[in-house]
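Please look over the notes that follow with the structure open.

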Amino acid sequence: MLLRSGAVKVRLRRSSRARRLRLVLVPGVGPELVVPARTRPGAIDSALKTLAPWLERALARQQPGALGLARPGVAWHGGEPVPLRLTTASRASAGWSAGALELRAPDAEGAAQALERWYRSSARAALEASLERQAPGVGVTPRALAVRDQRTRWGSCSERGTLSFSWRLLLAPAWVLDDVVCHELCHLHVANHSQAFWRLFAQHRPAADSRPWLRAHGGELAAYRPADSIGAP
């Protein structure tokens, strides 16, 4: 089963007692999909796709040293928790107020949407600032910046010089975001991951390496949903 954090093996168990499909985490075994005995392959594939977000969050919570991103009442900025305040309003919006991020929305769904928009706009601001700081030193000028919810890469560099980043980098410490930004800036000089690339990268980020941090916590970042901060199902 392919999740945003990588491939995960899911054991299939057919049961004559099962009345519906259910995905469980079995201690010492891992994910197990329990299905009624005569379940068709198409229904199994459909269930795995539907249940993938739940499994991603469940596995992230099991990680040693988990960041605890899926915490109601808390958002994240630069690796730090941000208190949330929810207020009822006819139109969804988000903004700072008295030391907290205030989400104004008619319901929980609207609040989650407002929070994601805030994440994306805040990520763009942080990425633009990082590019402005680092691009002159690397000696390059990106053609454009794109902020997306990339599922397989934290950043990427196109042949035309557009740099794309995941807004989820905003959840990570600022040095991790800066590291990924520098990585993609260096790709404007060297498009591959040759020794020449890594020598160039080391010149500009000699004391930082975000790869171990992202290997340890990337699954949790990928699994996080803004609705988790609202406490919405």
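1. In what order do the 4 strands of the open sheet stand? The order is E6-E7-E9-E8, with mixed pairing. Strands E6 (74-77) and E8 (93-97) each have a single partner strand and stand at the edges, so one side of each lacks a neighbour in the sheet. From one strand to the next the twist averages 35°. Two strands count as paired if DSSP finds at least two bridges between them.

2. Some notes on the source. This is a predicted model, in which local features need pLDDT of at least 70 and side-chain atom pairs count only at pLDDT 80 or more, while totals for chains, interfaces and linings use all residues. Residues are numbered from 1 along each chain as its sequence is written, and side-chain values use heavy atoms, with hydrogens and water left out.

3. The overall content is as follows. The protein has 6 helices and 12 strands; these are DSSP runs numbered from the N terminus, helices being H or I of at least four residues and strands E of at least two. Its C-alpha atoms fill a box of roughly 65 × 50 × 30 Å along the principal axes. Of the 233 residues, 44% are buried (buried is under 20% relative accessible area, exposed over 50%, partly exposed in between, with a 1.4 Å probe and protein chains only).

4. Back to the sheet. E6 pairs with strand E7 (residues 80-88) in the antiparallel sense, over 4 bridges, and Val74 has Pro83 in E7 as its bridge partner. The two strands form a hairpin with 2 residues between them, and Gly78 in that turn has a positive phi of about 60°. On to the next pairing: E7 and strand E9 (residues 100-105) run parallel and are joined by 5 bridges. Thr88 stands opposite Ala105 in E9.

5. Helix H2 covers residues 108-138 and includes Glu109. Its 31 residues reach 43 Å from first C-alpha to last, close to the 45 Å expected at 1.5 Å a residue; the expected span is 1.5 Å times one less than the number of residues. A kink of about 30° lies at Glu132, shortly before the proline Pro136. The bend at a residue is the angle between axes fitted to the seven residues ending there and the seven starting there. After H2 comes Gly139, with a positive phi near 80°.

6. Is Glu109 buried or exposed? Glu109 counts as exposed because its relative accessibility is 56%. Glu109 and Ala227 are 118 residues apart in sequence, and their C-alpha atoms are 7.3 Å apart in space.

7. How many aromatic pairs are there? The count comes to 7, where rings of Phe, Tyr and Trp (its six-membered ring) pair if their centres lie within 6.5 Å, with planes under 30 degrees apart counted as stacked, over 60 as edge-to-face and the rest as tilted. Trp96 and Trp118 are edge-to-face, because their ring centres are 5.8 Å apart and their planes stand at 75°. Trp96 is in strand E8 and Trp118 in helix H2, so this pair ties together parts 22 residues apart in sequence. Trp96 is exposed at 54% relative accessible area, whereas Trp118 is buried at 8%. Ring pairs link Trp96, Trp118, Tyr119, Trp167 and Tyr224 into a cluster.

8. Another ring pair sits within a helix. Trp198 and Phe201 are 3 residues apart, about one turn, in helix H4 (residues 195-204). Their rings are edge-to-face, 5.8 Å centre to centre with 90° between the planes. Trp198 is partly exposed at 28%, while Phe201 is buried at 7%. The charged end of Arg211 sits over the ring of Trp198, 4.4 Å from its centre (the rule asks for NZ of Lys or CZ of Arg within 6 Å of the ring centre and within 35 degrees of the ring normal).

9. Helix H5 (residues 211-223) has 13 residues, which should span 18 Å at 1.5 Å a residue, and its end C-alpha atoms are 18 Å apart, in agreement. A kink of about 55° in H5 is centred on His217. Buried residues of H5 include Trp213, Leu214, His217 and Leu221.

Note on methods. Axes are lines fitted to C-alpha atoms, for helices over the stretch in contact, and angles run from 0 to 180 degrees between N-to-C directions.
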